[in-house]
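The sequence and the coordinates are shown first, and the description follows.

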Amino acid sequence: MSEKKQNTSIHKKSSIEPEWIDLETDISEEFMAEEDWETEEEAVRESARGPKKAAPQGRSPKKAPPKKKKKGGINFHAILLILIALVFGVIAFKLIFWDKRQHQNSELENDTTLSFDTEALDSIVPLDATSGAKKEKDDDLRILFVGNGSLAENKESGTNLANIVREKTGATVYNCAISDSYMTAQNPTYKNSYPYDAFSFYYLCTLFTFGNTDTLSWAEKDLGGLPADVKESTDLLQSIDYSELDVLCIYYDGSDYLEQRVVKDEENENDPTTFCGALNAGIDLVKELLPDTRIIVMSPTYAYAVDKNGNYSSSFERNVLEEPLNFYVGMQSVTCIENNVSFVDNFYGSIYEEIAPQYLEDHIALNEKGHALLADRFLDALNKFHDYDF
């Protein structure tokens with residue numbers, strides 16, 4: 001009897017204990033069966049928050065609502081990269097096509113002024129006399145031209161630049177340009193191996209400012225006599241009354257560029273073997289010894305480089321000649337500004353590349369229209385601060 005009661009009590013005791021449930025195993029199996037219960041990303045988030053609570057018995061776990069796919073938005077990184085590429089593209093374009101100007105007027109024959117981005121480098125200033133006493137103004141305007149090239153050719157022709165100026169102004173004009181001469185001298189001091197240095201700009205200035213005839217005499221001896229045109233010009237230079245001279249016009253064409261003479265020596269700003277040094281040294285002499293004479297410098301016009309086969313090439317390119325002509329003109333303008341003398345830019349402002357064939361006889365020499373155009377440009381500069389009534 002006692003054993004039966006004992007067994008019964010044991011049975012009752014065991015029957016009232018709750019059945020043990022492995023929550024982790026059961027829930028994980030349910031979750032694996034329901035693939036849409038939550039995304040992998042949501043599972044990671046939930047695990048970080050702590051253990052999940054079991055779903056109540058008899059209920060199915062609710063499915064998470066399907067996530068909406070994000071619509072394609074603006075990719076700011078891509079836009080930034082595109083903008084950077086555009087900036088570098090513009091910079092590259094500017095570098096490649098720098099100074100490749102486009103003319104904006106197709107009627108070139110009627111257009112003698114710049115109509116593209118690069119402006120003429122003209123710098124027109126009045127006489128800056130350093131002496132206290134200025135000569136009295138008279139009715140007779142006296143102008144001296146020195147230079148080379150077309151200015152020195154056909155001096156008796158009515159189409160020569162100097163003669164056009166004489167005709168339009170009624171002035172006394174002295175044309176002392178010398179053919180085959182240069183702005184620069186080939187040697188720093190005169191050498192009999194190259195006597196034409198005596199007719200370069202600086203040496204001519206020594207002749208008519210303080211009467212240096214020694215260099216001229218050496219050249220005459222080494223040449224076996226001066227050529228007729230040279231003698232005519234040098235004799236005229238020595239006959240002028242410089243106390244009455246009003247204007248000195250300096251016009252050398254692109255010959256120095258074609259010979260690739262040095263443009264400038266940074267250590268010697270008066271080096272006569274450099275394009276700017278010769279100009280600077282000559283201007284110094286004129287301003288010191290002829291302070292009442294106004295100086296007007298005319299730059300070279302456009303000129304073509306010529307290769308060994310006689311083919312013309314742009315003077316902006318470096319495939320034939322290394323130093324471009326625009327560099328000579330640019331540095332010449334700086335020299336004039338530093339010396340406070342007038343500068344007429346014929347390279348950009350008169351006969352530039354796009355219209356050059358209409359004003360040049362060949363790669364460098366002016367034709368009749370070229371002389372007329374440069375004469376007008378000179379007269380504009382001459383009359384800017386004066387009323388000569390012409």
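## Sheet, helix packing and selected residues

In this predicted model, strand 3 (residues 247–251) and strand 4 (residues 294–298) run parallel and are joined by five bridges. One of the residues involved is C249, whose bridge partner in strand 4 is I296. Helix 10 (residues 275–289) packs on the sheet and touches both strand 3 and strand 4. The direction of helix 10 makes about 160° with that of strand 4.

These two strands belong to an open sheet of five strands, which has the order 2-1-3-4-7 and parallel pairing. Strand 2 (172–175) and strand 7 (342–344) form the edges, each pairing on one side only. From one strand to the next, the twist averages 20°. In general, the strands of a sheet pair through backbone hydrogen bonds, in either a parallel or an antiparallel manner.

Helix 10 itself comprises 15 residues. From its first C-alpha to its last, helix 10 reaches 22 Å, close to the 21 Å expected at 1.5 Å a residue. Because eleven of its 15 residues are buried, helix 10 is largely enclosed by the rest of the structure. The buried positions are F275, C276, G277, A278, L279, N280, A281, G282, I283, L285 and V286. What do these buried residues pack against? Their partners are helix 6 (201–209), strand 3, helix 9 (255–258), strand 4 and helix 11 (325–339).

Of its 390 residues, 43% are buried. Among contacts between residues at least 6 apart in sequence, 73% join residues at least 24 apart. The protein exposes about 23,200 Å², of which carbon and sulfur atoms supply 51%.

A disulfide is a covalent bond between the sulfur atoms of two cysteines. How many disulfides does a search of the whole structure find? The search finds zero. C336 is accordingly in no disulfide, and the nearest cysteine sulfur, that of C276, is 8.7 Å away. C336 has a relative accessible area of 0% and is therefore buried. C205 also counts as buried, at 0% relative accessibility.

S333 has its place in helix 11. With residues up to four places away in sequence not counted, S333 touches L121 and F343. Is S333 buried or exposed? At 7% relative accessibility, S333 counts as buried.

Most residues other than glycine have a negative phi. Q260, although it is not a glycine, has a positive phi of about 55°. Q260 lies in the loop between helix 9 and helix 10. N340, likewise a residue other than glycine, has a positive phi near 55°, and N340 lies in the loop between helix 11 and strand 7.

The relative accessible areas of the residues discussed individually are collected below.

| Residue | Relative accessible area | Class |
|---|---|---|
| C205 | 0% | buried |
| C336 | 0% | buried |
| S333 | 7% | buried |
| Q260 | 28% | partly exposed |
| N340 | 34% | partly exposed |

The class assignments follow from the cut-offs: buried means under 20% relative accessible area and exposed means over 50%, with partly exposed in between. Q260, at 28%, is therefore partly exposed, and N340, at 34%, is partly exposed as well.

How values were computed
Residues are numbered from 1 along each chain as its sequence is written. This is a predicted model: local features need pLDDT of at least 70, side-chain atom pairs count only at pLDDT 80 or more; totals for chains, interfaces and linings use all residues. Side-chain values use heavy atoms; hydrogens and water are left out. Two strands pair if DSSP finds at least two bridges between them. Helices (H or I, at least four residues) and strands (E, at least two) are DSSP runs, numbered from the N terminus. Axes are lines fitted to C-alpha atoms, for helices over the stretch in contact, and angles run from 0 to 180 degrees between N-to-C directions. Contact means heavy atoms within 4.5 Å. The expected span of a helix is 1.5 Å times one less than its number of residues. Buried means under 20% relative accessible area, exposed over 50%, partly exposed in between (1.4 Å probe, protein chains only). Accessible areas come from the Shrake-Rupley method with a 1.4 Å probe; for residues, only the protein chains shown count as cover. A disulfide is a pair of cysteine sulfur atoms within 2.5 Å.
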